[in-house]
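Me: I'm new to reading protein structures. Could you take me through one, feature by feature?

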Amino acid sequence: MRPRLPLFLLVLLLLPLPAAAQLFGPSDPADWERLLVPVAGSTPGQFGSVWNATVSAYSTTSSSVVVPYCSRGIVCGYDYYLNDHAPTEFKVDAGAYGAFLYIPKDRVNDCDFVVHVRDDKHPADSNVDVPVVRQSDFHSSIRLLDIPITSGVRPTLRVYGNAPGSVTVTVRDAAGQQLGTIPLQLTGGTYSYNGFLIFPASIADPLTAFGYQTSNVMLDIASDDGAPIWAFVSVTNNDTQHINLIVPFRKN
């Protein structure tokens, strides 16, 4: 549910993105930090599931978040105002493969974001939180550990970049032995509005068709041209729709 805003803020939703940005923050996209929302909007899934994602935010200072999404070519850009020390929820309806939002660089450390995801057909079992990812968490290579590929679950690898490109996924067993490599193409990520990139370059690839004779694998995902990427795996139980996330952990 979108937050209830004062009237003058509601009027600003009808302004083009630069006008709203000038009132709430810098107008140059270089002065904003880009954040990845890995899953956005409402998406149908397998076994009758209907996945909905809502962004939850909390700020220790008053700030604003720009979502440069063009709705039917009429209004481009939504500006969500974050009140000081008050939680805010909003939706980013910008596609199944993620979206970008922006916050002024001098306010980004004051704010926390998370994406709440649920299957409306199985609401009691399917709730999961997906991180909103800063650009500093993007790297030229990502490692994901202990991914189950057994029957009864459906693991899906999702990879994101700031521009179209290719990545190579190296699959290893629990002992670290290489089982094979998989090339993937990241598509999208070329749509922008006044310099604000709207969609990430991304791909969602199921891991169940690999046919490896092992219960768990490790994935090394490397950008072929060294461009920064981010990735995670969602593991969904086929019976309950319960989701576990496997995300990268890196100290630097």
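Reply: Let's go from the whole chain to strands, cores and rings. First, the ground rules: this is a predicted model, where local features need pLDDT of at least 70, side-chain atom pairs count only at pLDDT 80 or more, and totals for chains, interfaces and linings use all residues. Residues are numbered from 1 along each chain as its sequence is written, and side-chain values use heavy atoms, with hydrogens and water left out.

Me: How many helices and strands are in the protein chain?

Reply: Helices (H or I, at least four residues) and strands (E, at least two) are DSSP runs, numbered from the N terminus. Here the protein chain has 2 helices and 20 strands.

Me: What share of the residues counts as buried?

Reply: Buried means under 20% relative accessible area, exposed means over 50%, and partly exposed is in between (1.4 Å probe, protein chains only). Of the 252 residues in the protein chain, 44% are buried. As for the surface, accessible areas come from the Shrake-Rupley method with a 1.4 Å probe, and for residues only the protein chains shown count as cover. The chain exposes about 12,300 Å², with carbon and sulfur atoms supplying 51% of it.

Me: Which residues have the most contacts inside the largest nonpolar core?

Reply: The general idea is that in soluble globular proteins, nonpolar side chains tend to be buried together. A nonpolar core is a set of buried Ala, Val, Leu, Ile, Met, Phe, Trp, Tyr and Cys residues joined through side-chain atoms within 4.5 Å. The largest one has 39 residues, and F90, V92, L101, F113, V115 and V117 have the most contacts inside it. Strand β7 (residues 99-104) gives the most to this core, with 5 residues. A second, separate core has 24 residues, including I142, A201, L207 and V233.

Me: Where is V92 found, and what does V92 touch?

Reply: V92 is in the loop between β6 (88-90) and β7. Its relative accessibility is 1%, so V92 counts as buried. Leaving out residues up to four places away in sequence, V92 touches A40, G41, V55, V67, A99 and L101. V92 and V39 are 53 residues apart in sequence, yet their C-alpha atoms are 8.8 Å apart in space.

Me: How many residues of strand β12 are buried?

Reply: In a regular strand the side chains alternate between the two faces of the sheet. In β12 (residues 153-161), 9 of its 9 residues are buried. V153, P155, L157, V159 and G161 are on one side, with R154, T156, R158 and Y160 on the other, so both faces are covered.

Me: Which strands pair with β12?

Reply: Two strands pair if DSSP finds at least two bridges between them. β12 pairs with β19 (residues 229-237) in the antiparallel sense over 9 bridges. Y160 stands opposite W230 in β19, and T156 stands opposite S234. β12 also pairs with β17 (residues 201-206), again antiparallel, over 6 bridges; there, R158 has A204 as its bridge partner. β19 is mostly covered too, with 8 of its 9 residues buried. β19 runs antiparallel to β20 (residues 243-246), joined by 4 bridges, and S234 has L245 as its bridge partner in β20. Their hairpin has 5 residues between the strands, and Q241 takes a positive phi near 65°.

Me: How many aromatic pairs does a search of the whole structure find?

Reply: Rings of Phe, Tyr and Trp (its six-membered ring) pair if their centres lie within 6.5 Å; planes under 30 degrees apart count as stacked, over 60 as edge-to-face and the rest as tilted. The search finds 6 pairs. W32 and F196 are edge-to-face, at 6.1 Å centre to centre and 75° between the planes. W32 lies in β1 (residues 32-37) and F196 in β16 (residues 196-197), so this pair ties together parts 164 residues apart in sequence. Ring pairs link W32, Y102 and F196 into a cluster.

Terms used:
Contact = heavy atoms within 4.5 Å.
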